Amino acid sequence: MNNINFVSVDNIDDFAVISADFFSDFLQKNDNPLVILPTGFTPLPFYKEIVKRYKAGEKYLNKFKYLALDEYVGLCDGDYRSFSSWLGREILDPLSIDIKDRIIFDSDAADIDKECKRIDDIVSSSVINLAIIGIGENGHVGFNEPKSSFSSRTRKVFLHEKTIKANAEYWGGIDKVPKEAVTLGLANLKNAKNTLLLVYGKKKAKILKESFCAPVSEDVPSSYLQNQPNLTVIGDEDALAEIMI
Ligand code: GLP
């Protein structure tokens, strides 16, 4: 296993501040980096803190290019439920990130495989300077569900039942959650020069143990992180409980 920097925080305010400090420090040391940002509930306090600092005058906080991690398939351009709209509302619009600096999936592309190839080509010819990611309770990263190949690239996937269930609240009911999505692959994510994993709450404790304390396996996609260079994990004591003994 590579050296991993585990950072344990006491409460949600510290989670936001310490994650924002990490990002702020990164942006000051890297010139216009390409950055992956995750969706989910976990990063919300971090995004709020970044937006607060930006509005208070830390203007360098928008000096990055955004690369989408994943997206649902079949949503019209501008659908408020799409990940690109969601991230737009939560962080990219408040930071005034230019549209040309957002590499996002066309959820409604007529040929979704071609769309994945377009994104994959961009990713292959770029350097991902920082991948900020979350983790699903089944170990999914982006929408790389269990049994995704570690050599997988950008592609269309079918969501697991557990993921559909976990996202039901966001969609207002399990039947409304799309069954298909697109995601960067694990091979793409493995190429990131730096990775920041954000985890919060008791419900992530079990999967973190499986990710970091068991052999690396495609049954647990997030276990690729064991061999990831320059990995920082920021989480609260509940989430980190089973790995920080
Ligand atoms: C979704 C996203 C993932 C995210 C995960 C965890 O399924 N596709 O990128 O990491 O949810 O979400 P949460 O932070 O709400 O637990």
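Biologist: Which pocket is the space taken by the ligand?
Modeller: This is a predicted model, where local features need pLDDT of at least 70 and side-chain atom pairs 80 or more, while totals for chains, interfaces and linings use all residues. Residues count from 1 along each chain as its sequence is written, and side-chain values use heavy atoms, leaving out hydrogens and water. A pocket is an open set of points on a 1 Å grid over the protein atoms alone, fitting a 1.4 Å probe, with protein on both sides within 12 Å along at least five of seven lines; a molecule sits there if more than half of its atoms lie within 2 Å of the grid points. The ligand's space is the largest pocket.

Biologist: How many residues surround the ligand?
Modeller: Phe41, Thr42, Asp70, His140 and Lys204 come closest. Counting residues with a heavy atom within 4 Å, the total is 14.

Biologist: How far is the side chain of histidine 140 from a ligand oxygen?
Modeller: Polar contacts here pair N or O atoms within 3.5 Å. Ligand oxygens sit 2.8 Å from a polar backbone atom of phenylalanine 41 and 3.4 Å from a backbone N or O of isoleucine 135. For an N or O in the histidine 140 side chain, it's 2.9 Å.

Biologist: What share of the ligand's exposed area does the protein bury?
Modeller: Alone, the ligand exposes 390 Å² (Shrake-Rupley, 1.4 Å probe). The protein buries 91%.

Terms used
Polar contact = N/O pair within 3.5 Å; in protein donor to acceptor, adjacent residues only side chain to side chain. 1 Å grid on protein atoms, 1.4 Å probe; cavity = no way out; pocket = protein on both sides within 12 Å on 5 of 7 lines; lining within 4 Å.
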